[in-house]
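This report describes selected features of one protein model. The sequence and the coordinates are shown first, and the account follows.

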Amino acid sequence: DHVVNDTVREPVRDIRGSLIRSFDADISDIPGIIKLTLGEPDFPTPNRVTEAGIKALQAGRTHYAPNAGTMGFRQAVVDYLQRRRDLHYSVDNIVATVGGSEALSSVLGSILSEETQSIIPIPAFGAYKTQTLLAGGALDLIDTTETGFKLTPDQLEAAIERAHNAQKKPVLIINYPNNPTGVALNSEELKALAQVVIKHDVIVVSDEVYAEVYYGEGRADSIARYAPKHTILIDSASKTFAMTGWRVGYIAAPAELADQFVKVHQSNVATGATFTMDAAEEGYRHGDEDIERMVEAYRARKDFLYTALTNLGLTVAYPDGAFYLFIQMPQWFEGTGLEFCTKLAKEAKVAVIPGAAFGNPNSRWVRASYAASMENLQESVQRIRAWLKEQN
Ligand code: PLP
């Protein structure tokens with residue numbers, strides 16, 4: 001279409017619709033299908049949060065907030081990061097955004113260019129690649145399947161060297177706990193990456209939207225604790241407080257960088273919505289119990305599903321967080337991931353997402369979300385068990 005070709009620049013034309021959404025649309029009509037495809041909490045937003053939002057609306061909090069967000073929200077985030085994550089920021093470091101998505105686009109839109117090379121461990125959330133291409137940046141996707149879905153310091157060193165050899169400035173984009181694998185890095189592993197980042201003076205964008213959905217000892221750690229001057233932290237109320245539709249997130253970054261990001265954020269969206277910031281503020285101030293209640297439910301489902309699938313002989317990456325299991329396709333299956341997921345959806349009536357949606361077109365893994373009821377998870381296991389038996 002020449003209108004499109006004449007009008008829309010190439011990186012935009014090249015964006016293919018999300019594989020997740022198109023697959024989901026294709027299989028949704030199958031009668032009785034159980035969908036383990038959703039990337040969002042199945043819980044309602046906690047009452048205290050919703051009530052704070054309603055109160056804000058009734059109090060007339062329906063006009064522009066300051067560009068960087070309300071002082072109340074930013075201070076609540078500062079206190080929250082201190083209290084729950086041992087991260088030390090002040091309000092000058094915090095920019096309220098329209099979800100983690102806009103935090104990512106404002107940050108990556110500010111720092112990526114033809115002169116940068118994004119180092120992205122895959123499997124990964126699709127927006128990192130899209131934002132890189134929109135900015136005209138180069139990509140270095142690092143497949144972490146062989147290293148337990150963890151980026152290693154050696155892989156990072158090599159990637160930084162490749163960027164330098166290509167005369168590009170490296171930018172590292174990481175996401176732990178990870179979508180789609182659930183894998184997180186422990187403190188030692190984060191420290192080791194931080195040392196490489198500091199040694200080569202590389203900026204790291206750390207997407208920590210799943211930090212609160214964490215099953216390890218204590219709390220999910222952050223590379224921001226070991227390389228604070230090099231880290232731009234992205235977070236969101238979407239997963240933490242089951243607030244995906246409210247569109248609240250934030251950037252936490254060195255103040256001089258945050259000031260720059262606000263300019264892009266301001267020109268993109270002016271500001272987030274005032275009343276949704278008020279609602280999320282209530283969560284960050286008083287929502288610890290809500291977080292813990294939801295995480296315990298995710299943990300029980302994770303334990304059930306991981307054990308059940310492993311007992312069926314499937315290889316599953318052990319998740320430290322988030323609400324996904326990354327599952328290897330059985331060896332006997334010879335087609336693509338999309339073919340596997342389509343067959344499973346049609347024959348077993350269980351829908352999962354092909355790993356190809358996360359950066360490697362040849363991925364032999366699939367993602368199952370357990371942001372689903374325990375009944376549906378139990379029924380899914382029954383169906384998969386029966387289906388696997390029919391395959392020989
Ligand atoms: N980052 C990751 C890794 C995600 O999985 C998601 C949502 O699925 C987001 C960021 C963006 O979420 P939101 O814009 O709702 O905060």
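How many residues does helix α13 have, and what distance does the helix reach from its first C-alpha to its last? In this predicted model, helix α13 spans residues 288-311, a run of 24 residues. The distance from the first C-alpha to the last is 34 Å, close to the 34 Å expected at 1.5 Å a residue. Following α13 is G313, which has a positive phi near 90°.

The buried residues of α13 are D290, I291, M294, Y298, R301, K302 and L305.

The largest nonpolar core comprises 118 residues, of which V107, I251 and A280 touch the most other members. Helix α5 (residues 71-85) supplies the largest share of this core, six residues. The core lies between domain 1 (2-44 + 290-390) and domain 2 (51-287), because both domains give residues to it. Leaving aside residues up to four places away in sequence, A280 touches V49, F73, A237, F241, M243, W246 and V248.

The ligand is surrounded by 13 residues, and the closest are G99, G100, S101, S236 and S238. Helix α6 (residues 99-111) gives the largest share of this shell, three residues.

Note on methods: Residues are numbered from 1 along each chain as its sequence is written. This is a predicted model: local features need pLDDT of at least 70, side-chain atom pairs count only at pLDDT 80 or more; totals for chains, interfaces and linings use all residues. Helices (H or I, at least four residues) and strands (E, at least two) are DSSP runs, numbered from the N terminus. The expected span of a helix is 1.5 Å times one less than its number of residues. A residue is buried if 20 or more other C-beta atoms lie within 10 Å of its own, exposed if 12 or fewer, and partly exposed in between; C-beta atoms are placed from the backbone. A nonpolar core is a set of buried Ala, Val, Leu, Ile, Met, Phe, Trp, Tyr and Cys residues joined through C-beta atoms within 7 Å. Domain bounds come from an automatic or database domain assignment. Two residues are in contact if their C-beta atoms, placed from the backbone, lie within 7 Å. A residue is near a molecule or strand if its C-beta atom, placed from the backbone, lies within 6 Å of it.
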